Structure formats: structure tokens, C-alpha cells
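Q: I am new to this structure and would like to learn how to read its features one at a time. Could we begin with the terms and then turn to the case at hand?

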Amino acid sequence: MLGATAALLLATACADGDNEPATTSSSITMENFAFHPANPEVRPGEKITVANKDSATHTVTATEGDTFDTGNISGGDSGTFTAPSQAGRYAFVCTLHPNMTGTLIVR
Ligand SMILES: [Cu+2]
């Protein structure tokens, strides 16, 4: 019985793995009216660089509260923002093009 219990615990541990598709990155690129990666994984309080490869102006703006906001980043320019100090998932958007969306994963 002990062996069966151990096997069950092992299976549970394996099933609990993190299969979230996330990219460890401290930079975000805006290109073709999309964020790359769209779901960047960063550390709490990390400074994130945002490069705008489009000709249009874009922003990275948290959708809830004023957690973070790059302000306007002109085409070909770059900006920065600081990740929240609290772990969590933070949806963001380009305020000028609301169809540009992403989620910052802080952990
Ligand atoms: Cu935009």
C-alpha cells in the first residue's frame, strides 16, 4: 500500500507542473500592431524596455488602475516602465489601439 501511495503522490506532483506558456523577458517589442511577447514573464520591480518598431505611436498601459504606463512611444522610439512589486497577472493595452493587448506575468 505504501508503494501505491508514493506513486500517487508522485503523479500528483507531476500533474501540478506549470504549463503556462510564458516568455522570460525584460523587453517588449511592438511590431505590426501587436506586442511581442504578448505575455512577458518578468520579475517584481523589474525595469522593462519597450521598443516600438512600428511607425505609429503605441503605449503599454495597465488596464486596471495606474499600475504601469509607458505613456506615448513614438514610432521607432523606445520607452520603459517598472513592473509591479506584487506577483500576479496584469493585463495591459495600447491606449491608442485597444485591440493591442497583452498580460504581464510578474513572479
Ligand atoms: Cu498602439
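A: A residue is called buried when its relative accessible area is under 20%, exposed when over 50%, and partly exposed in between, using a 1.4 Å probe and protein chains only. F68 is buried, with a relative accessible area of 4%. This is a predicted model, in which local features need pLDDT of at least 70 and side-chain atom pairs count only at pLDDT 80 or more, while totals for chains, interfaces and linings use all residues. Residues are numbered from 1 along each chain as its sequence is written, and side-chain values use heavy atoms, with hydrogens and water left out.

Q: Which residues touch the most other members of the largest nonpolar core?

A: A nonpolar core is a set of buried Ala, Val, Leu, Ile, Met, Phe, Trp, Tyr and Cys residues joined through side-chain atoms within 4.5 Å. Here the largest one has 18 residues, and those touching the most other members are F35, V60, F68, F81 and L104. At least two residues of this core come from each of strand 2 (27-31), strand 5 (47-52), strand 8 (88-94) and strand 9 (97-106), where strands are DSSP runs of E with at least two residues, numbered from the N terminus.

Q: How is a pair of aromatic rings described?

A: Such a pair is described by the distance of the centres and the angle of the planes. Rings of Phe, Tyr and Trp (its six-membered ring) pair if their centres lie within 6.5 Å, and planes under 30 degrees apart count as stacked, over 60 as edge-to-face and the rest as tilted. The structure holds 4 aromatic pairs. In one of them, the rings of F35 and F92 have centres 4.9 Å apart and planes at 75 degrees, so the pair is edge-to-face. F35 in strand 3 (residues 34-36) and F92 in strand 8 are 57 residues apart, and the pair links these distant parts of the chain. F92 counts as buried, at 1% relative accessibility.

Q: Which residues coordinate the copper ion?

A: Donors are N, O and S atoms within 2.8 Å of the metal (3.2 Å for Na, K and Ca), and sites may look incomplete because water is not among the atoms. The copper ion is coordinated by H58 (ND1), C94 (SG) and H97 (ND1), at 1.9 to 2.1 Å. H58 lies in the loop between strand 5 and strand 6 (61-62) and H97 in strand 9, so the pair ties together parts that are 39 residues apart in sequence.

Note on methods: Helices (H or I, at least four residues) and strands (E, at least two) are DSSP runs, numbered from the N terminus.
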